[in-house]
Amino acid sequence: MIQTEFEFELPKGYLDGEGNLHRKGVMRLARAIDEIVPMRDPRVKSNPAYATVIILSRVILRLGALDEVTPTIIENLFTCDLNYLQQFYRQINELESENQVEQSSSFSAQSGSITSDSE
C-alpha cells in the first residue's frame, strides 16, 4: 500500500493569535488538481507566487491543534517554516532527488508552483 500522509515538524512553528505554538503536522501527497485549482484564483493571477500558499493550504491536513490550515495561516508562517514546507512538499511528492532536497530549493514565481532552482 502506498503511503499518502507524512508527518512533519516545523523548525519554528506557527504562532496563533492566542500565543499557542503549532509545530507538528501532517501533509498528504498532492494530486494534479492541487496545482491546477490555484491557477484559477484571482490572488494567483495578480501574484503567481501566491500559488504556493494555496497549494500548501490544500495539502497540509493538520498543524498542531488547529481546526484547519487556511491560506491565511500559511501566509503567517515564519519564512524558515515556509521554506521547510516547500522542500518537504517536493520530497514527499518525489519532485526531486534526495540529494537535491538537501540543497537549497526555492519557489519559482514564474511557474506558480513549488520548484527547485535546477528546473
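Colleague: What makes the meeting of the side chains of Arg28 and Asp34 a salt bridge?

Modeller: A salt bridge is a side-chain nitrogen of Lys or Arg within 4 Å of a carboxyl oxygen of Asp or Glu, and the side chains of Arg28 and Asp34 meet at 2.8 Å, N to O, so the pair counts as one. Please keep in mind that this is a predicted model, in which local features need pLDDT of at least 70 and side-chain atom pairs count only at pLDDT 80 or more, while totals for chains, interfaces and linings use all residues. Residues are numbered from 1 along each chain as its sequence is written, and side-chain values use heavy atoms, with hydrogens and water left out.

Colleague: Why is Asp34 called buried?

Modeller: Buried means under 20% relative accessible area, exposed means over 50%, and partly exposed is in between (1.4 Å probe, protein chains only); Asp34 has 1% relative accessibility and therefore counts as buried.

Colleague: Which residue forms a salt bridge with Asp34 at 3.0 Å?

Modeller: Arg58 does, with 3.0 Å between the closest N and O atoms. Arg58 lies in helix α3 and Asp34 in helix α1 (residues 32-36), so this pair ties together parts that are 24 residues apart in sequence. Helices here are DSSP runs (H or I, at least four residues) and strands likewise (E, at least two), numbered from the N terminus. Arg58, at 29% relative accessibility, counts as partly exposed, and Arg28, Asp34 and Arg58 are linked in a network of salt bridges.

Colleague: How many salt bridges does a search of the whole structure find?

Modeller: The search finds four, including one in which the side chains of Glu9 and Arg23 meet at 3.5 Å, N to O. Glu9 lies in strand β1 (residues 5-15) and Arg23 in strand β2 (residues 21-28), so the pair ties together parts that are 14 residues apart in sequence.

Colleague: At what angle do the axes of helix α3 and helix α5 cross?

Modeller: The axes of α3 (residues 51-59) and α5 (residues 79-92) cross at roughly 70 degrees and come within 11 Å, which makes α3 roughly perpendicular to α5. Axes are lines fitted to C-alpha atoms, for helices over the stretch in contact, with angles running from 0 to 180 degrees between N-to-C directions; under 35 degrees counts as roughly parallel, over 145 as roughly antiparallel, 65 to 115 as roughly perpendicular, and the rest as oblique.
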